[in-house]
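Please examine the sequence and the model shown below.

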Amino acid sequence: MNQEKKKSINPFQFLYRILQGALIGLGAVLPGISGGVLSVIFGIYKPIMELLSNPFKNFKSHVPPLIPVFIGGIIGFLGVANVLAFFLEKYPDPSVCVFIGLITGMLPSLFREAGEQGRSKGSFISMVICMIVIFALLIGLQMFSIEVKPNFLWYLFCGFCLALSVIAPGMSFSTLLMPLGLYTPFVDGIGHFDMSILVPAGIGAIVTVICLAKAINALFDNFYSIAFHGIIGIVIAATVMIIPVSGFMSAGTAIVNIICIAAGIVIALLLDKFNSRVKVE
């Protein structure tokens with residue numbers, strides 16, 4: 001975000017950024033979706049990381065345009081998520097397919113942004129390696145399902161996973177916590193403002209941000225193309241892993257899910273077109 005480009009945000013852009021934040025908040029809490037992935041898709045991952053890595057230096061230039069995103073994130077995480085949770089419970093496969101469509105529709109613009117500073121053989125190697133690592137990690141979590149008894153230390157781990165899902169796109173904290181049986185008590189504790197859960201989770205999240213944000217931001221500053229293509233690999237792998245394969249086994253459900261994916265793609269393309277017209281960095 002350059003100082004000379006910093007302008008007042010028009011009402012439509014403000015509402016659009018709130019929508020982006022709400023979707024990121026939803027992505028953070030809903031199973032199989034990553035808030036970090038959606039922040040990359042919407043083109044606000046890098047400014048968020050710059051703010052987290054140097055909050056004092058970047059406060060004036062980064063916070064004002066990100067305020068509506070933060071507002072939307074809170075709405076999505078604590079409010080609208082309950083509505084979406086209803087659809088995920090009643091219509092899980094179509095709901096996930098809409099998200100898949102949204103992510104797929106934004107991939108072309110994401111790939112263009114990754115190539116802003118050129119591409120090299122290392123860029124594509126990074127993308128492939130990251131895809132393989134994420135596939136291996138998520139498949140391993142699905143194969144080895146081990147439940148634990150929640151306590152202070154485990155809620156510290158929950159906070160670590162929550163922060164990681166923003167810092168490392170594709171790392172859905174729900175995907176990490178579900179195999180351990182921590183997802184439901186953690187989200188329920190957040191929804192009911194249970195301080196015995198919020199305090200250790202907050203500590204874990206803050207420590208994670210302090211330890212990792214600077215390193216990841218430095219990675220982008222020095223190896224932009226390699227880092228960004230690596231994230232594309234993470235996004236692709238994470239998206240493939242949430243495809244509801246069982247929902248395509250019969251003709252009827254397959255048609256509904258394909259329509260939902262197509263609708264998500266169309267919405268994403270329209271949002272990208274709108275964003276290209278009104279976006280102010």
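Are helix 5 and helix 11 roughly parallel or roughly antiparallel to each other? For helix 5 (residues 92-114) and helix 11 (residues 224-241), the axes come within 11 Å and cross at roughly 165°. Angles over 145 degrees count as roughly antiparallel, and helix 5 and helix 11 are therefore roughly antiparallel to each other. Their crossing is left-handed.

On the side of helix 5, the residues that meet helix 11 include Ile-100, Ile-103, Leu-107 and Phe-111. Helix 11 contributes, among them, Phe-228, Ile-232, Val-235 and Ile-236. By class, the contact of helix 5 with helix 11 has 11 nonpolar, three polar and one charged residues.

Thr-208 belongs to helix 10 (residues 195-222). This residue is buried, with a relative accessible area of 5%. Neighbours within four places in sequence aside, Thr-208 is in contact with Phe-160, Ala-163, Leu-164, Ile-167 and Ala-213.

Confidence in the prediction is summarised next. The chain averages a pLDDT of 80, and 84% of the residues score at least 70. The table gives the helices where confidence is lowest and highest.

| Helix | Mean pLDDT |
|---|---|
| Helix 8 (residues 173-177), lowest | 68 |
| Helix 6 (residues 121-143), highest | 87 |

Over residues 1-7 the pLDDT is below 50, and this stretch has 14 contacts in the model beyond near neighbours in sequence. Where pLDDT is low, the predicted coordinates should not be read in detail.

How values were computed: Residues numbered from 1 in each chain as written. Predicted model: local features only at pLDDT ≥ 70, side-chain atom pairs only at ≥ 80, totals over all residues. Heavy atoms only, no water. Axes fitted to C-alpha atoms, helices over the stretch in contact; angles between N-to-C directions. Helix = DSSP H or I, 4+ residues; strand = E, 2+ residues; numbered from the N terminus. Parallel < 35°, antiparallel > 145°, perpendicular 65-115°, else oblique. Left-handed = near helix turned anticlockwise from the far one by under 90°. Contact = heavy atoms within 4.5 Å. Nonpolar A, V, L, I, M, F, W, Y, C, P; charged D, E, K, R; others polar. pLDDT = per-residue confidence, 0-100. Buried < 20%, exposed > 50% of the residue type's maximum accessible area, 1.4 Å probe, protein only.
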